[in-house]
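I open the notebook with the model and a list of things to look up. Sheet first, then helices, then charged pairs.

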Amino acid sequence: MQVTQALPFLRVHPLPSVVKKGVPRNPAANPNRPFVLINMGMTADGKIATPDRSVSTFGSAADHEHLLELRATVDAVMSGARTVDSHAVDLGPGGARFRRQRLRNGLSEYNLRVVVSGSASLDPGASIFDSSFSPIIALTSKNAPIRRLARLRKAGAEIAQFGEREVDLRQVLRWLRKDRDVERLLCEGGGELNDAMFRADLVDEVHLTVCPLILGGRNASTISDGVGFPRLPEARPFELRSRRQIGEELFCVYRRPS
């Protein structure tokens with residue numbers, strides 16, 4: 001069964017055909033961690049937000065549809081605390097159409113929601129806590145202040161701690177796979193979380209929407225901020241698996257080399 005039926009650019013790159021729980025799986029994926037997808041929209045000059053982060057959503061309706069189509073193929077959606085704090089997001093599956101699509105794919109109606117917040121600085125008043133349709137896991141380091149953890153628990157988050165001073169993402173993914181049965185994980189940024197995922201070599205596939213805008217700005221975020229790779233030979237290689245133009249946007253899918 002194919003899960004990428006709605007948008008034409010998704011048909012260009014169907015998901016692999018190893019099936020469990022009704023969703024095609026990647027046969028080469030590490031059995032000890034989920035298959036990880038990153039989905040981002042960026043301007044033509046590589047920015048994902050204005051320098052002051054006041055604008056970070058500029059994709060079309062087709063881009064938003066693509067996001068929800070991807071969410072309908074995964075067990076969990078993950079984002080960084082700064083992204084969740086800054087925008088009215090719930091990391092959920094969307095409307096009834098996409099929830100039905102999840103059920104057809106053999107998944108639960110609602111995906112697990114995961115927020116990475118090493119110091120537990122995630123705002124307990126963030127809009128994500130307004131919806132209780134599925135669990136919210138706040139990933140923190142073991143050094144996170146107890147009072148902040150208590151506020152997040154009161155807001156409705158489940159706390160999971162990995163790493164002493166920063167979140168150990170390798171441990172996180174092993175735990176999600178073993179303890180929460182997460183086989184496919186969608187990461188939606190921001191740039192610092194993506195950077196940490198790339199540096200830990202945990203990304204299997206990148207979905208990138210290039211939008212016809214130029215934002216500029218030395219301090220404007222990109223799809224991968226943070227530390228980065230100091231030398232070109234250390235950069236993570238990806239293969240372009242598909243590209244498709246919808247209107248003025250270009251939708252690209254990159255896959256980790258076989």
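**Entry 1: the β6–β7 pair.** I looked up Leu139 and found that it stands opposite Ala160 in β7. β6 and β7 pair in the parallel sense, over five bridges. Two strands count as paired if DSSP finds at least two bridges between them. Strands (E, at least two residues) and helices (H or I, at least four) are DSSP runs, numbered from the N terminus.

This is a predicted model: local features need pLDDT of at least 70 and side-chain atom pairs pLDDT 80 or more, while totals for chains, interfaces and linings use all residues. Residues are numbered from 1 along each chain as its sequence is written, and side-chain values use heavy atoms, with hydrogens and water left out.

**Entry 2: the whole sheet.** I traced the strand order as β7-β6-β5-β4-β8-β3-β9-β11-β10. The sheet is open, has nine strands and shows mixed pairing. β7 and β10 (239–246) stand at the edges with a single partner strand each, so one side of each has no neighbour in the sheet. From one strand to the next, the twist averages 20°.

**Entry 3: around β8.** I checked both neighbours of β8. β3 runs parallel to β8, joined by four bridges, and Phe35 stands opposite Arg184 in β8. β4 and β8 also pair in the parallel sense, over three bridges. There Ala76 stands opposite Leu185. Which residues of β8 are buried on its two faces? Arg184 and Leu186 are buried on one side, Leu185 and Cys187 on the other. Buried means under 20% relative accessible area, exposed over 50%, partly exposed in between (1.4 Å probe, protein chains only). In a regular strand the side chains alternate between the two faces of the sheet.

**Entry 4: helices on the sheet.** Helix α5 (residues 146–155) lies across β6 and β7 and runs at about 140° to β7. α6 packs on the sheet too, touching β3, β5, β6, β7 and β8. The direction of α6 makes about 150° with that of β6. Axes are lines fitted to C-alpha atoms, for helices over the stretch in contact; angles run from 0 to 180 degrees between N-to-C directions. Contact means heavy atoms within 4.5 Å.

**Entry 5: α6 in detail.** I listed the buried residues of α6 (169–179): Leu169, Val172, Leu173, Trp175 and Leu176. They cover an arc of only 160° around the axis, which puts them on the same side of α6. The arc is taken from the directions from the helix axis to the C-beta atoms. An α-helix has 3.6 residues a turn, so residues three or four places apart point the same way. The cover over these buried residues includes β7 (157–161), β8 (184–187) and α7 (191–199). At the start of α6, a side-chain oxygen of Asp168 comes within 3.1 Å of the backbone nitrogen of Arg170. Just after α6, Asp181 takes a positive phi of about 60°.

**Entry 6: α7.** Gly191, Leu193, Asn194, Asp195, Met197 and Phe198 are the buried residues of α7. They pack against β3, β4 (76–80), β5, α6, β8 and β9.

**Entry 7: salt bridges.** I found 15 salt bridges in the structure. The criterion is a side-chain nitrogen of Lys or Arg within 4 Å of a carboxyl oxygen of Asp or Glu. Arg97 bridges to Glu69, with the closest N and O atoms 3.4 Å apart. The pair links distant parts of the chain, helix α4 and helix α2, 28 residues apart.

Glu205 and Arg255 meet at 2.5 Å, N to O. Glu205 lies in strand β9 and Arg255 in strand β11, so the pair ties together parts 50 residues apart in sequence. Glu205 and Arg255 are buried.

**Entry 8: Thr50.** Thr50 lies in the loop between β3 and α2 (61–71). Thr50 is buried, with 12% relative accessible area. Leaving aside neighbours within four places in sequence, Thr50 is in contact with Val55, Leu215 and Ala220.

Methods: Polar contact = N/O pair within 3.5 Å; in protein donor to acceptor, adjacent residues only side chain to side chain.
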